Amino acid sequence: MSITVENLTYTYSKGLPNETRALEDVSFQLEPGEFAAVIGHTGSGKSTLMQQLNGLLRPDSGKITVGEVCITDPSNKMTEVRRKVGLVFQYPEYQLFEETVAKDVAFGPKQVGMTGEELDRVVEESIRLTGLDYEEVKERSPFELSGGQKRRVAIAGVLAMKPEILILDEPTAGLDPSAHRDVLELIRRIHRKERMTILLVSHNMGDIAELADRVLVMNRGKLVMNGTPAEVFSRGEPLWEMGLGLPPATEFMERLKDRMPGIDAAQLSIEDAAKEICRYLKGRKK
Amino acid sequence: MEPIIRVENLTFEYRKVSPEGTATSFRAVDGVTFEVPSGEFVAVLGMNGSGKSTLAKHLNGLLLPTEGEVWIEGMNTREDDHIWNIRSTVGMVFQNPDNQIVSSVVEDDVAFGPENLGVDPAEIRRRVDEALQAVGMYEQRLKAPHMLSGGQKQRIAIAGAIAMRPKCIVFDEPTAMLDPKGRHQVMDIIHRLHEAGITVILITHFMEEAMQADRLIVMKDGRITDDMPPRDFFADRERIQCAGLEMPTIIALREELIRLGLPVDASVQTEEELIEAICQLQ
């Protein structure tokens, strides 16, 4: 499902002394099945944007169209929008509350009237999709699980709503390296298998370089860059000025470039960086 | 000299009673022994659930051992008489700044700790100003914490710890929720505190941060599996994998270059060293 955002503007505390312009004339379009990442420093407007896409906030002006439906049109029902756009909040495991994993995952679909075998099937599918062993975890309390497992249960709860667009806000923050890997793998799998349109908000430039087709950069409420990871991460200087960074491999290559002018620093992964270093050194020997 | 932290055979069990009434226990820390000399910078790595945070909470008496002992400057954390001394010796900074900020004005929040210790008001003023300057937040002293960014709030939480004039600060994943700039600033502050002589215990999931410490403690299943300089640990691929950790970028890149046949020395660990090594191949 596609997303079209046109001239979106939003102000917090309108008319009050602490009035803050959170979004200013933001426009972009995502094709169905596209994987986009949103980066920006704290307070740049990313979270406000995410909440607009899910209908939790309504813009002062501008338009959001999800598929064929204009979600900013007040005559459209928000329940439908929220079914289509699944939002995984930061630290979603804090929102787990049920006695068992299966009940927790079933909570959302039950609210929209799903019952019986269909419900059981959706719950099982969603849990399996996150890479958890369904038989092993379904009757357990979500609170007994490890941090990484809890987070996957919380994501399963959103997947069970069968969204067509998935928005993830910092899904790997606070996880250890192996749980981090698991969650990245899970996101990749959802994207491939379910062909969902994914919007990932993250401070982890390495994750973004690995997963995203497109990077949107927010700064002071404005969308200031919109391009492929290679394009966006070739602009280290402005990113640093915005308090952002580069993927670790790119950052290293930028430093190396100071000593080896002519090397192509726009490498997103360790493997590509190593190849470029080899290529450059061979060229020098001739 | 008495080490600032002495942990002897520390075991901690979480007890849980099920709705049916049966009690089970889970050993989060299992027979851990180590000492930290004053002024050291120690990083603690390990997977989620390896016992790092449980261990940290023993270092200022937030938790008391099920078995074993913890001494802070020779004071046993089990002795009630020492608890305030221990808490003003070892400060804590946690992952989520929102859980640590209590006041609606920045400088009030920083003053909260010393006020509770009954410090003289003039002295509190001095400490608060100094602490806010140390974290670069003096200009924001009259603001409301909820108007600040995550990185700024974390700096306020650190200022709150500094205002207690602790000899040691335990940081439990202080940068996990921060953007790249916020992470940098917090790590800079940690380095400056260490240079000023404060003992630093840094729990983290970021390998790059752990590499900056003098010493690395790795935990797995409640036990210490490695205790050595980070250089030695990160030189050993098997150890890294065994602990469920990841290679820092520089080391992963070094390994990849070696795999591609470049004669890069396997002892190279820092960015500067790797750049130097590559330049010499020209």
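Strand E7 of chain A, residues 165-169, is mostly covered, with 5 of its 5 residues buried. Keep in mind as you look around that this is a predicted model.

Burial in E7(A) applies to both faces: A:Ile165, A:Ile167 and A:Asp169 lie on one side, A:Leu166 and A:Leu168 on the other, and all are buried. The strand has partners to look at as well. Strand E6 of chain A (residues 85-88) pairs with E7(A) in the parallel sense over 4 bridges, and A:Val88 has A:Leu168 as its bridge partner in E7(A). Strand E8 of chain A (residues 197-201) also runs parallel to E7(A), joined to it by 5 bridges. Here A:Ile165 has A:Thr197 as its bridge partner in E8(A). Between E7(A) and E8(A) the chain passes through helix H7 of chain A (residues 177-194), and this β-α-β crossover is right-handed.

Leaving aside neighbours within four places in sequence, A:Ile167 is in contact with A:Met50, A:Leu53, A:Asn54, A:Val85, A:Gly86, A:Leu87, A:Val88 and A:Leu199. A:Ile167 also belongs to the largest nonpolar core, which has 161 residues; together with B:Ala159, B:Ile201 and B:Leu253, A:Ile167 touches the most other members. Domain 1 (3-235) and domain 2 (247-286) of chain A both give residues to this core, so the core lies between them.

H1(A), residues 46-53, is mostly covered, with 7 of its 8 residues buried. Those buried residues are A:Lys46, A:Ser47, A:Thr48, A:Leu49, A:Met50, A:Gln52 and A:Leu53. After H1(A) comes A:Gly55, whose phi is positive, near 80°.

Now over to chain B. Strand E8 of chain B (residues 199-203) is largely enclosed by the rest of the structure, because 5 of its 5 residues are buried. On one side of E8(B) sit B:Thr199, B:Ile201 and B:Ile203, on the other B:Val200 and B:Leu202, and all are buried. In E8(B), B:Val200 is the bridge partner of B:Phe41, while B:Thr199 is the bridge partner of B:Cys168. The chain crosses from E7(B) to E8(B) through helix H6 of chain B (residues 180-195), in a right-handed β-α-β crossover.

Chain B also has an open sheet of 4 strands in the order E2-E1-E4-E5, with antiparallel pairing. Its edge strands are E2 (23-36) and E5 (75-76) of chain B, each pairing on one side only.

| Strand pair | Sense | Bridges |
|---|---|---|
| E6(A) and E7(A) | parallel | 4 bridges |
| E7(A) and E8(A) | parallel | 5 bridges |
| E3(B), residues 41-46, and E8(B) | parallel | 4 bridges |
| E7(B), residues 168-172, and E8(B) | parallel | 5 bridges |
| E1(B), residues 5-17, and E4(B), residues 67-72 | antiparallel | 5 bridges |

How do the two chains meet? The contact takes 32 residues from chain A and 31 residues from chain B. On the side of chain A that touches chain B, helices H6 (147-159), H7, H11 (248-259) and H12 (270-285) of chain A each supply at least two residues. H12(A) gives the most, with 8 residues. By class, this side of chain A has 16 nonpolar, 11 polar and 5 charged residues.

There is a contact inside chain A too. The domain assignment gives domain 1 (3-235) and domain 2 (247-286), and 34 Å separate their centres, taken over C-alpha atoms. Their contact takes 8 residues from domain 1 and 6 residues from domain 2 of chain A. Helices H8 (205-211) and H9 (229-232) of chain A each supply at least two residues of the domain 1 side, and the largest share, 4 residues, comes from H8(A). That side of domain 1 divides into 5 nonpolar, 2 polar and 1 charged.

One last stop is A:Glu124, found in helix H4 of chain A (residues 116-129). Is A:Glu124 buried or partly exposed? With 17 other C-beta atoms within 10 Å, A:Glu124 is partly exposed. A:Glu124 and A:Ala106 are 18 residues apart in sequence and 9.4 Å apart in space, C-alpha to C-alpha.

Key: Residues numbered from 1 in each chain as written. Chains lettered and ligands numbered in written order. Predicted model: local features only at pLDDT ≥ 70, side-chain atom pairs only at ≥ 80, totals over all residues. Core = buried A, V, L, I, M, F, W, Y, C linked by C-beta atoms within 7 Å. Buried ≥ 20, exposed ≤ 12 C-beta atoms within 10 Å, placed from the backbone. Domains from an automatic or database assignment. Contact = placed C-beta atoms within 7 Å. Pairing = 2+ DSSP bridges. Right-handed = clockwise from strand over helix to strand, strands pointing away. Nonpolar A, V, L, I, M, F, W, Y, C, P; charged D, E, K, R; others polar.
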